[in-house]
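Hi everyone, thanks for coming.

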Amino acid sequence: MSSDLPLKVMYLRPVGTAAFDELFADMVRSYKNPDTEVHITSLKESDGGFTHIEYRAYEAVVSAGIVRGTRVAAQEGFDAVALSCFYDTALHDAREVSGAMTVTGPCIASVEIASSLANRFGVIVGRRKWVDQMASTVRAYGRSEQLSGFYHVELGVNDFQVNPERTERLLIDAGRRAVEQDFAEAIILGCTREVGFYQSLEKELGVPVIDPSIAALKRAEYAANLKRQCGWIPSRRWSCEAPPEEEIDRFGIINDGDVFGNRIIVEAS
């Protein structure tokens, strides 16, 4: 299964704006492996034009774009897709149409990594609104017993990068509550828009701090390498069964390849 071709990972942002694509492209340039090619994509404004998907209603609207984008990535020969929302929106739906690709998300990647580094982790989130849904997701992944709690700073997704100094102070304060009061041994930042803050938090808190945008990227690379080196391709049986190709062609909804509003390519070295 080995190949001399670069690993190809798509970092799929489920929002209808390219406003922050370059922020994530910078993250990719800093953390991807040299032999990995990464495409940072975002959806078209016609998919909702959202700058965030904090609400389940917004998630419902963009889920079709996530599924279609994953289908396109599979057709273009990508090895893995990393979704870019800590809700892991439409993760299982996208996996059904992903072919031989692995699809991961920031939440599942972060809790897997945190669980390998510590017995107990806390999650810093933007708003109290998010906690119920994220708690359900962590529970579904079988990690709730390791969760010390969720610690909200009352910042929306669009607020994190507005005043970085204030954001950093709020995140550090929340991290201290998790570590000193609830004995968290690792911290997960519960929003991909918190990219760029994990190193300063680690210095202050003295525990590993997982940036979910980096976690999703690295977990996608890891899965792509396993496919290449070991032949470990995702199952498409039973609960992972893919829709019949005949139905996909007949319905004509998933197969529309014109899905991305923007694409930034970070090439392999």
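When I say helix, I mean a DSSP run of H or I with at least four residues, and a strand is a run of E with at least two, numbered from the N terminus. Keep in mind that this is a predicted model.

By that count, the protein chain has nine helices and nine strands. Its radius of gyration is 18 Å, close to the 18 Å that the globule rule gives for 269 residues, so the chain is as compact as a globular protein of that length. Along the principal axes, the C-alpha trace spans about 55 × 40 × 40 Å. Buried residues account for 52% of the 269.

Now, the inside. The largest nonpolar core holds 82 residues, and Ile-40, Phe-121, Ile-187 and Leu-201 have the most contacts within it. Helix α8 gives the most to this core, with six residues.

Let's follow Leu-201 into its helix. Which residues of α7 are buried? They are Tyr-198, Leu-201 and Leu-205, in a helix that runs over residues 198-205. Looking down the axis of α7, you find its buried residues within an arc of 60°, so they line one face.

Just after the helix, Gly-206 takes a positive phi of about 75°.

Notes:
Residues are numbered from 1 along each chain as its sequence is written. This is a predicted model: local features need pLDDT of at least 70, side-chain atom pairs count only at pLDDT 80 or more; totals for chains, interfaces and linings use all residues. Side-chain values use heavy atoms; hydrogens and water are left out. Buried means under 20% relative accessible area, exposed over 50%, partly exposed in between (1.4 Å probe, protein chains only). The arc is that of the directions from the helix axis to the C-beta atoms. A nonpolar core is a set of buried Ala, Val, Leu, Ile, Met, Phe, Trp, Tyr and Cys residues joined through side-chain atoms within 4.5 Å. The radius of gyration is taken over C-alpha atoms; the globule rule is 2.2 Å times the number of residues to the power 0.38.
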